[in-house]
Amino acid sequence: MPTPSLASLPIRRLTLRDLTACADLSEDRGWPREEHKWGLLLAAGKGYGIDDPDGGLVAACVVTEYGPREQPALAAVGMVLVAERHARRGVGRRLMRHIVSAMGTTPLTLHATSYGRSLYEELGFKVTGHAEMLRGHFVPTGDRPEVATRAATAEDLPAIVRLDEEVFGVDRTHIITRLPAFADQLRVAEEDGRIVGYAAAWPNMDTHVVGPLIARDTATAEALLASLAARTDRPLRTDIDVRHEELLSWAKAHGLASVALNAVMTYGITELPGDWSRRFAPVTVAAA
């Protein structure tokens, strides 16, 4: 039988059963397998993929929706991958066109590398900001943090969800309530019995990714980041909005180094909802 053309291969919804195939696809493109992250994205979001007749996936991506289920207020697109053997043949463009069409009037956002940015611009996405990826072993100082932090408890979850929606601008309860199981650490910053920030550190290959990082101000963000670093021997990785220059300088002074700069892009809106001044880092760039 002749091999079907790429353009005729159907796009289907992915599920957790496709986790290994998604991780294989990551590895095929030289990315880490990131099975832990794929598991969160496939459980909390909608995966889309194209099966390869010879086995595995031709392409995949995940869309994470936020807000009301019937009419999401925002959706993040991430993990857009095409197998190396099928690269540069229009597969990524076809998959993204399908996503844009499937999401209808729902505004979209994504973090783009320089490699993928031109495709997204061709589809109508606009650059609205940038995030700087940092990585390294955090080097503490003897300074006492200005803000008190502690491990989050189950009783804190309602307050964390409320704060997150206020800052993020859209409800993402289905992500936040998964953090206690997904992350190795979930900590809150507190003042007068009120939670003024929170952050998680979750395992990704040999690192701990810090995200989300939501905080009242830079001092609170620093205290949360330092408290997470104090409880792991792994290098940290995080993606900080470049407008937070003070936090970026502080993190670099404490051993983290810049490894990438990604464009934050939107489709259907001119800027992201919420309060960027308190939103320091995403859960993961794959889910905004």
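Me: How far does helix α5 reach from its first C-alpha to its last?
Reply: The model is predicted: local features need pLDDT of at least 70, side-chain atom pairs count only at pLDDT 80 or more, and totals for chains, interfaces and linings use all residues. Residues are numbered from 1 along each chain as its sequence is written, and side-chain values use heavy atoms, leaving out hydrogens and water. Helices (H or I, at least four residues) and strands (E, at least two) are DSSP runs numbered from the N terminus, and a helix's expected span is 1.5 Å times one less than its number of residues. α5 covers residues 157–168, twelve in number, and its reach is close to the expected value, at 16 Å.

Me: Within what arc do the buried residues of α5 fall, seen down its axis?
Reply: Buried means under 20% relative accessible area, exposed over 50%, partly exposed in between (1.4 Å probe, protein chains only). The buried residues of α5 are Leu157, Ile160, Val161, Leu163, Asp164, Val167 and Phe168. They line one face of the helix, because the arc, taken from the directions from the helix axis to the C-beta atoms, is 165°.

Me: Which residue follows α3?
Reply: Helix α3 spans residues 91–103, and its end C-alpha atoms are 18 Å apart, in agreement with 1.5 Å a residue. Its buried residues include Val91, Leu95, Ile99 and Met103. Next comes a residue with a positive phi, near 60°: Gly104.

Me: At roughly what angle do the axes of α8 and α9 cross?
Reply: Axes are lines fitted to C-alpha atoms, for helices over the stretch in contact, with angles from 0 to 180 degrees between N-to-C directions. The axes of α8 (residues 218–229) and α9 (residues 245–253) come within 10 Å. They cross at roughly 30°.

Me: Which residues of α9 make the contact with α8?
Reply: Contact means heavy atoms within 4.5 Å. From α8 come Thr218, Ala221, Glu222, Leu225 and Ala226. From α9 come Glu246, Leu247 and Trp250.

Me: Is Met79 buried or exposed?
Reply: Most residues other than glycine have a negative phi. Met79 is not a glycine, yet its phi is positive, about 55°. Met79 sits in strand β4 (residues 74–82). Its relative accessible area is 5%, so Met79 is buried.

Me: Is Asp192 buried or exposed?
Reply: Asp192 also has a positive phi, about 50°. Asp192 belongs to the loop between β8 (185–191) and β9 (194–204). With a relative accessible area of 79%, Asp192 is exposed.

Me: Which residues does a cis peptide bond join?
Reply: Most peptide bonds are trans. Here omega is about 0°. The bond joins Gly211 and Pro212.
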